[in-house]
Structure formats: structure tokens, C-alpha cells
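Please open the model in your viewer and keep a selection panel at hand.

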Amino acid sequence: MNWRREWQVLAAMIAIFLGCFFLPVGAARFQGAIIEALALVKWYAREHVLLCLVPAFFIAGAIAVFISQASVMRYLGPRANKVLAYGVASVSGTILAVCSCTVLPLFAGIHRMGAGLGPATAFLYAGPAINVLAIILTARVLGLELGIARAAGAIVFSVVIGLLMHLIFRKEEAAKDAPEPHSTGGNDEDDARPLWRTAVFFAAMIGVLVFANWGEPTDAAGLWQAVWSAKWPITAGFGMLLAVLLIAWFGLRWWHVALGAAPVVILVIALPQQPLWSFSAGVLALSIITATTPGEPAHWFEASWGFARQILPLLLIGVLIAGFLLGRPGEEGVIPSEWVTRFVGGNSLGANAAASVLGAFMYFATLTEVPILDGLLDSGMGKGPALALLLAGPAVSLPNMLVIAGVIGLRKTLVFILLVIVMSTTSGMIYGALFGG
Amino acid sequence: MKSIKILGTGCPKCRTLAENAQAAVDELGVEGEVEKVTDITRIMDYGVMMTPALAVDGEVKSSGKVLSVAEIKALIQQ
């Protein structure tokens, strides 16, 4: 029997049994929390899924299919420029870490066969925080400010952590036996399309995402207000650009696209006040057309669907848990708000450190850290501790510590975790001092 | 007897690749065994960074991609 796996099952069983045994059915707070969980799921379904998550899945799928991962790996290989490797490792998570399950093999690969311990740890720290889905969802749910702070904090501090790891362990790292990395090869398709075309294509998709989600500004005048009132025509413009690009460069048949666009246009005319309908029709048309066009478009749809299938169920569970524990904005779940305020409120060293340690040991399934943090913020968590938790959270967790320890050894893992906690606490303190208000 | 190894830590993509590999073996009717390698240090021994990867008789044929059944058939027959 493999106890490394079995003990987890056993522990989960005992925990579930004890939970059922002491289930407080009938207690007011428990029943209120159940209602809160359902209300929060409804709110997410209405506010975040169609306009934000669905386009984000298409963007993540496009990154996986249209951008050559192998070309990025060149900068992290054994013959890579060591200085450049840190920079690439800190930002390449956007492209390489769209699927959280690839982070650990890449980390192990960069460490053993590639640019070494420093860039590998930089990648491990930044990767999960700056993958495209994480940034989009953080910015959408928790606000643009925290979304940018998360990406910037992850990038800057990953380089610091990588360099420190390299300096601390530079003697041990000198001699290693490394197998020759297998070249992925076969990226001819990517070379066929010039970089600027790929860039325009991504700009069109990001345009749809950004303007469809444009929030109503607080002051009723100025540029932001003007953009807000024109957000749907602008979104439609980017959508049309996308359709044209797909015909011109990606081999979609024009009459397919025209057939797909017809219901969208009809819905725009018939229900001009309800853009969600035409937006949904557009998404549906894009899905059907790409799925049925062999080659790159079909691969794109498959990759996007793969992300949706993997992440949506996790997110649903995450939102339910967040709603149950912490409630909707302005309401309380199982955990009273004052506990949260006392533990991680304000911007003290203690609050930031507590959030970092909590984040480091807790396991967040892909993206579920966002709704949970949303609940914590509404319950009175400070902005600094929130960033600390966002930075420490996805980078390490108890299960992946075991894997990391297997790859680089216990001592280096402990130093890494310590660095993650210290750096996340520091970022939280700085952010909280600047924006905490 | 072909030995086909799927290298990957157990994400959905690795499972899809393993299913496709099994289907390819079945369709070809060759004697073959599809085995999943999930231990990360063993995956590294193959020199693979991008998972999921596929190795036929110990030689890595592809990495970072979910191959279709037809593509795997072609690799096995080489």
C-alpha cells in the first residue's frame, strides 16, 4: 500500500465523518451560511462567468495553442544566459503556467536540466500567480489595483527569491548530473505566423474582455464615463475585428462566420438593452465554428474547453465554500467578521505574517483563492494581508511542498518556504502602507 | 511488445493522452502496454520538462502536447 497517497484519503474520511457527526443542522448561523453560499454562487454566475471567465478561457486556450512554449523554454535551458533566465522565469508563467499541473514538472525541469535552482524557484513562485486566468479573475473580482499588485509583486519578488536561493546554495548547485533535455520541436506552425499577427489577434480578444467588463465609474463625467456608456459598441467592434482576423489568418470559412454573426446581429437589434444575449450568441457561434474547423481553430477550442472543464467545477466549489464560511459582501457566513478583522485586519506585521503563513500552508485549487479572498476582504481583512495571501497562496501548499522536497531536498524546500513567507509578508506591508487607506 | 509510457503528474491532459495511447494500441492490435509515469523525478530522468509527454520503448517522442489517436499510431508504427 502506498501510504503517501492513502493517508490523505484516510484523513479526509475522518474529517468528513467528524463533520457529519457534529453537523449543526438547525443552528441559525449554520442555516444563514448555507443561504449565503447559494446567494454568492448566484452572484458569481450573474456577474463573472459569461463576460469574464468565458472570454478568459478562450484567451488561455489561445495562449496554449498559438504561442510556442518551446520558444520560451529556450531561455530557460542549460545554455541560457543566466541573467536573462531570471527575467524570463519571472514572467513566463503567463504563458507556461496556464495549467497549474504543469508548474511542478517545469520547475523540476528548469532546476535539473535547465538554468538551475535560481530561475526554477523564481518560476515556481511567480508562475501560479501570473497565469492569465489568475490575473483576469483577480482583477475582475478583487479590483484592478489588487490584480496589478499581485502580478507586479509576484514578478519582482520571484527574482529576489530566485537570486537568494541561488546565492544560499551556490556551492551545492555547481555539480549536478543532468540528462539532456528532450526538445519539443515541431513548432513550424508558429513560425508561419508573424509575431505581429499573433499580437493583433490577442489584442482583439483582450479588447473584448476588457470593454465587456468595463465597470461603471463613480463620477458621472469624464473619459471613464464616456467609455462606460459606449462599452458595448466598443466590445462589438473588437468582436468584429476578431471575426475578420479569424477569417483572414486562421482559415475560418467566411460564410461560417457570417452565419454565426447573423443571430448576434439580430439579437443586438431585437434586444438592444440586454447585451448579454448577443454576447452569449457570439460566444456560442465562436465555439461552434472553431470546434468544427479542423486544424488550429479546433485545437484552440479544445484547449479552451479543457480549461473550462478543469477550472469551472473547482471554482464552483470554491465559491460555495467562500460563501459558506464568509458570506456575501455585507453579510456573515459561519465565521464572524470580527474574527477576520482581529486576525488579518489592518496592516500590522502580525496580520501580514499570519496571512502569508496561512497562504503558504493552505491548498487553493486553481483560482479558488480569489472568491475566498473576496470573502475575507469583505469581512474586514486588510489590503496588505490580502496581497500577502495572494502571493504566498498559490506558490506553495502542503501537498506541493512534498513534491518540491522530493525534487530539491528538504533543506532547500524549507529555505524556499521561509523566503516565500518573508517576501509575501514584505510585499503585503509595502502594498498595505501605500494603498491600504 | 511495445512499451508506451505517459509522463505526467496526473492532470486531465495526461489522462487524455493515456486514453488516446491505449486506444491507439487497441486499434493497431499490436502487443503493447501503456504505463503512466507520475513520479516527477522519474519524469525528469527522461529529460522531459513539458508534460504530458509520450515515450515509446524508452525514447521520448513528444512532450507538452496531447496527441491524437492517429498521431500516436504513427509514432508506434515507426
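Select A:Val420 and B:Ala21 together: of the 134 residues in the largest nonpolar core, these two touch the most other members. Such a core is a set of buried Ala, Val, Leu, Ile, Met, Phe, Trp, Tyr and Cys residues joined through C-beta atoms within 7 Å, and a residue is called buried if 20 or more other C-beta atoms lie within 10 Å of its own, exposed if 12 or fewer, and partly exposed in between, with the C-beta atoms placed from the backbone. Helix H2 of chain A, residues 28–66, gives the most to this core, with 15 residues; helices (H or I, at least four residues) and strands (E, at least two) are DSSP runs numbered from the N terminus.

This is a predicted model, in which local features need pLDDT of at least 70 and side-chain atom pairs count only at pLDDT 80 or more, while totals for chains, interfaces and linings use all residues. Residues are numbered from 1 along each chain as its sequence is written, and chains are lettered from A and ligands numbered from 1 in the order in which they are written.

Stay with B:Ala21 and display its surroundings: leaving aside neighbours within four places in sequence, B:Ala21 is in contact with B:Ile4, B:Ile6, B:Val34, B:Leu54 and B:Ile72, where contact requires C-beta atoms, placed from the backbone, to lie within 7 Å.

Chain B has 3 helices and 4 strands, and along the sequence they follow the pattern β-α-β-α-β-β-α. The C-alpha trace of chain B spans about 30 × 20 × 15 Å along its principal axes. The radius of gyration of chain B is 11 Å, which agrees with the value near 12 Å that a compact globule of 78 residues would have; this radius is taken over C-alpha atoms, and the globule rule is 2.2 Å times the number of residues to the power 0.38. Of the 78 residues of chain B, 45% count as buried, and among its contacts between residues at least 6 apart in sequence, 64% join residues at least 24 apart.

Now colour the strands of chain B. They form an open sheet of 4 strands in the order E2-E1-E3-E4, with mixed pairing, two strands being paired if DSSP finds at least two bridges between them. Strand E2 (32–37) and strand E4 (59–63) of chain B stand at the edges, each with a single partner strand, so one side of each is left without a neighbour in the sheet. From one strand to the next the twist averages 20°, with axes as lines fitted to C-alpha atoms (for helices over the stretch in contact) and angles running from 0 to 180 degrees between N-to-C directions.

Strand E1 of chain B, residues 2–7, runs parallel to E2(B) and is joined to it by 6 bridges; select B:Leu7 to find B:Val37 of E2(B) opposite. Strand E3 of chain B, residues 53–56, is antiparallel to E4(B), with 4 bridges between them, and B:Ala53 has B:Ser63 as its bridge partner in E4(B).

Zoom in on the loop between E3 and E4 of chain B, where B:Asp57 is placed. The hairpin of these strands has 2 residues between them, and B:Asp57 has a positive phi of about 50° although it is not a glycine. B:Asp57 is exposed, with 12 other C-beta atoms within 10 Å.

Bring chain A back and select the contact between the chains, which takes 18 residues from chain B and 22 residues from chain A. On the side of chain B that touches chain A, the elements that give two or more residues are helix H1 (12–28), helix H2 (40–45) and E4 of chain B, and H2(B) gives the most, with 5 residues.

Move on to helix H6 of chain A, residues 103–112, in which 10 of 10 residues are buried, among them A:Phe107, A:His111 and A:Arg112. The buried residues of H6(A) pack against helices H4 (82–91), H5 (93–96), H7 (117–130) and H22 (398–408) of chain A, together with H2 of chain B.

For the last stop, select A:Phe279 in helix H16 of chain A, residues 275–291. A:Phe279 is buried, with 23 other C-beta atoms within 10 Å, and, not counting residues up to four places away in sequence, A:Phe279 touches A:Leu50, A:Leu51 and A:Ala212. The C-alpha atoms of A:Phe279 and A:Leu50 are separated by 8.3 Å, although the two residues are 229 residues apart along the chain.

How values were computed. Contact = placed C-beta atoms within 7 Å.
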